[in-house]
Amino acid sequence: MQLAEQLREARRKKEILLMTHLVLGYPSFAVNREVIRQMVENGVDVIELQIPFSEPMADGPMIIKANQEAIAGGTKVADCLAFAAEMAAQYEIPFLFMTYYNILFKYGLEDFLRKAKEIGIKGCIIPDLPPEEGEEYLSLASEFALAPIQIFAPTSTEERMRTLAGHGAGFIYCVARRGVTGSKTDFNASFDAYLARCRRATSMPLAVGFGISSREDVQILTGKADIAVIGTATIRLVEEKGPEEVGPFIAGLR
Amino acid sequence: MNKPGYFGQWGGAYIPEVLYETFRELREVYARAKADPAFWQEYLDLMGSYSCRPTPLTYAENLSRHFGGAQIFIKREDLNHTGAHKANNVMGQGLLVKRMGKTRVIAETGAGQHGVACATMAAKFGFACTIYMGEEDVHRQRPNVFWMEKLGATVVPVTTGSRTLKDAINEAFRDWVSNMDTTHYVMGTVCGPHPFPEMVAWFQSIIGQEARKQILAVHGRLPARVYACVGGGSNAMGIFQGFLADPSVELIGVEAGGKGLDTGQHAARLASADASPGVAQGYKTMFLQDADGQMRDTHSVAAGLDYIGVSPLLTDLWEKGRVRFAAATDQEVMTALDLTIKKEGIIPALESTHAFVQAFKEAGELNGDQAIVINQSGRGDKDIFTIAHAFDDPSWKEFIRKKGEEYAAR
Ligand SMILES: Cc1ncc(COP(=O)(O)O)c(C=O)c1O
């Protein structure tokens, strides 16, 4: 089943879906494995697996640290692919790759995407690859039936959003605010206006990410967005309280 | 392949969506300025009245005699206000910031020369200013940190990654994606996403325009060779543009050989076999990276050359065979620096001295009616701690020890 279908089906049963994120190899693949088990058991609907990169330009301090330490600990792209294959085989929910373009470029764009497809990955989020630079990526993604998730930002005009949506599949990742990952988002009237703009520009499901960390945040998004993205919050939780806290945290979000 | 922002297969604009509109505006304001002759005149007037342009071309008589080959000329970018070619780019972008109506500038800096130039421009034009600088560079270029702060800038030491120039660039981008409405990122070199490489090269082309006229006036002919050090590549592109259309002029870019190309501890992207094509920091070029695409640690005694990537314009010119690349080691740099100070009474920056090393290696191959031009991108005053340390200077050490005791006693 393709990503869009899978999400539509899940959405029929739930008011809002949860997408979580983790950095592969941080603090270790063993902990990643335990965290994912708890996420899935507590109803997470889709998981973003970030392949670490040495220059994570769009990320904030917590995820930068996770990227750095994963690499310093010896995490290789090949290990990430093997781990992702294991997860995708074990669980029904869709898994996505999130990473920066150089990881794909250096691996060989076509080889990377073919491999991702083979191991059961459903799509990719590449924040530093706008469609203007991604012609080859977009056509290969379509060839392999992988969803090239497109990103909307509060600075995107409605016209720009329509262009982006035309290149995307699966869902749209709406960055909730300016800035990098990790700090709090203020869900005010201008946020509502922004989400309304996103809605007008596409009929694809909308995921909202950046700064979502609590049940209240998820509640605010319910009815406005289709997917709430929990990123830094679980990484911080694992760091401060250990992986066993992830299950109860996820269960308490909806 | 003629996509805008590409030089051969290199360059591009690999930017996050949140900056799409910011870059659209920047491309527009740059294109309008470029099409407006009054803008360039305003720029020339500013550089003439504020930054000592045109900078002189100095005949290095003693060095020429010492090597017994080509006549050696030095283009004196060290005599710019703030002591380096960085001022050319910064004042140009400052004029664009005024046109965009923004009120704050941010920048990365390695050697601190771009940071000081940017803080100076901000003071003059009344902008708020934040400079990102790798923690390692904060330590090795301390005098420039002092001046940036005196000029009213906030200096943020960057503690992520390798704590050098590339990490400072990442942090500047992270600031920009939050504050793009009020803030312009003054990229310090001919790297990063389009239009930065092209735009910075345009402002730096003033070096080559002057140098070409000057060498023709004093020497009567074009030079045989032109040497420039290459960090990101802005001073090199600046002077090379004056001679690109003259096939008889050989252009040589000199990278940081660090502890030697065979040690892996260097920053030679094009002069070594260690770099490979990649996409990072918003553009495609040859990067020093591992097989997975993770950037490697680089090394150079010169903070301004200690960088993983290189200008897409230079990578293209290298690929086409128009620019030749060489590397100078830390040790060769110290020797050439000492010689230049003693023979000519000129103190080049550690970065600039890399160009002198290669010129000195080759001067003897040429004959007395040929000329070579070395671009002295900056002055060495900022490097006083590093140079004193490298020469293990006893009276300087004594002075520092005494100062330390004096502060400790308070
Ligand atoms: C004096 C001097 N020369 C050269 C450089 C290297 O930069 P680029 O290669 O862009 O000229 C720097 C950078 O900090 C510098 O300060």
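## The end of helix H12 in chain B

Helices here are DSSP runs of H or I with at least four residues, strands are E runs of at least two, and both are numbered from the N terminus. This is a predicted model, in which local features need pLDDT of at least 70 and side-chain atom pairs count only at pLDDT 80 or more, while totals for chains, interfaces and linings use all residues. Residues are numbered from 1 along each chain as its sequence is written.

## Along H12

The buried residues of H12(B) are Asp330(B), Val333(B), Met334(B), Ala336(B), Leu337(B), Thr340(B) and Glu344(B). Buried means under 20% relative accessible area, with exposed over 50% and partly exposed in between (1.4 Å probe, protein chains only). These buried residues pack against several elements of chain B, including strand E10 (250-258) and helix H13 (350-363). Contact means heavy atoms within 4.5 Å.

## A loop residue in chain A

Let's move to Phe210(A), which sits in the loop between strand E8 (206-209) and helix H10 (215-221) of chain A. Is Phe210(A) buried or exposed? Phe210(A) is buried, at a relative accessible area of 14%.

Beyond its neighbours within four places in sequence, Phe210(A) touches residues among them Ala58(A), Tyr173(A), Val180(A) and Thr185(A). Phe95(A) lies 115 residues away along the chain, and its C-alpha atom is separated from that of Phe210(A) by 19 Å.

Terms used: Chains lettered and ligands numbered in written order. Heavy atoms only, no water.
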